[in-house]
Amino acid sequence: MSTIGATRVREFPDTTWADDGPTRGVEAVVEAGEVLRFPYLPFALIESELRFRDPRWADGKAKNISLRWGGNQPDGNRPDGEMRGAAGTPAELAGLKAMITRYADQAEAFALRLFPHYRGHLRRGNTSFRPVDVAGRETSWRQDDTRLHVDAFPSNPMHGTRLLRVFCNVNPSGRAREWRVGEPFEAHAKRYLPMIQRPWPGSAWLLEKTGITKRRRTEYDHVMLQLHDRAKADADFQRNSPQARAAFAPGTTWVVFSDQVLHAAMGGQHMLEQTFYLDVADQQEPTTSPRSTLERLLGRELR
Ligand SMILES: [Fe+2]
């Protein structure tokens, strides 16, 4: 495994989520496609929440328990969170929802401290709790997140909107969340762009008309999906491309633009994750975005 040319993981000393932590104003670091790791920043569970670290709370249909907020849609607003994928009595579910909501609130306060430039622009997407072991999942190659990939979704075109994610490992038995991180986005784009054809005329209209996509799939979305699929389908790339292992021990929080950083989840159980959306124009340096990078390499706009 080659580690030369792999994405950097940068470590920070913060021990609190709120405003009194030392790290702030690190937009340039996260926008450069680095992983921000906070090894001393646990999400504290209260006594009655310790029981939730058990796969029995997942209803078996979804791989995660998720809270959905209105900001889930790139153009949405924010009503109260709706919980999906959990099984339990109403009282138990209320307790589970309170825990996940507290994580969402702390992750949001934390993100706004780290990235003051994003204040007023960051939109809250899904919060997810993953009590199921990564290793036990049976999936198709396209859904197999143990293969290096950038995040892109067939049914949910992002139109370039950024995906910022705050993860925290809450494993009770000392088990790390194991990731591989891959090559920087620009190198990755250069690897596959020559093989990616333009979408055929009318395909975006048809995908939207038939309900396969929630809104129009732009050429940007088409290219990002192609990058996602080609990387996952390429066994040689998975084995031999520049990459490094990153272990996130329990009590560790990490922050990443997951539409930019090549990542693969190799192992672990019991994690919380908060997604935020950010428009490219609201970045500190919009030219670092995947959309700007792809447009520069292709020499045209991807709208
Ligand atoms: Fe992913």
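## Residue classes and model basis

Ala, Val, Leu, Ile, Met, Phe, Trp, Tyr, Cys and Pro count as nonpolar, Asp, Glu, Lys and Arg as charged, and the others, Gly among them, as polar. This is a predicted model: local features need pLDDT of at least 70, side-chain atom pairs count only at pLDDT 80 or more, and totals for chains, interfaces and linings use all residues. Residues are numbered from 1 along each chain as its sequence is written, and side-chain values use heavy atoms, with hydrogens and water left out.

## Iron site

Three residues coordinate the iron ion at 2.1 to 2.2 Å: His149 (NE2), Asp151 (OD) and His263 (NE2). Their spacing in sequence is H-x1-D-x111-H. His149 lies in the loop between β5 (123-130) and β6 (162-169), and His263 in strand β10 (residues 263-267), so the pair ties together parts that are 114 residues apart in sequence.

Donors are N, O and S atoms within 2.8 Å of the metal (3.2 Å for Na, K and Ca); water is not among the atoms, so sites may look incomplete. Strands (E, at least two residues) and helices (H or I, at least four) are DSSP runs, numbered from the N terminus. His149 and His263 are both buried (under 20% relative accessible area, 1.4 Å probe, protein chains only).

## Pockets

The largest pocket holds about 1,200 Å³ of space. A pocket is an open set of points on a 1 Å grid over the protein atoms alone, where a 1.4 Å probe fits, with protein on both sides within 12 Å along at least five of seven lines; lining residues have an atom within 4 Å of a point. Volume is the space filled by probe spheres set on the points. Its lining has 40 residues, with Lys63, Asn64, Asp145, Phe153 and Arg165 nearest the centre. By class, 11 are nonpolar, 14 polar and 15 charged. Strand β11 gives the most, with 4 residues.

The second largest pocket has a volume of about 220 Å³. Of its 16 lining residues, Ala32, Gly33, Pro184, Phe185 and Gln260 lie nearest the centre. The lining divides into 5 nonpolar, 6 polar and 5 charged residues.

## Glu273

Glu273 sits in strand β11. Its relative accessibility is 2%, so Glu273 counts as buried. Its side chain makes polar contacts (N or O pairs within 3.5 Å, one able to donate a hydrogen and the other to accept it) with the side chains of Arg130, at 2.9 Å, and Thr275, at 2.5 Å. Contacts (heavy atoms within 4.5 Å) of Glu273 beyond four places in sequence include Tyr103, Asn126 and Arg165.

Terms used:
Buried means under 20% relative accessible area, exposed over 50%, partly exposed in between (1.4 Å probe, protein chains only).
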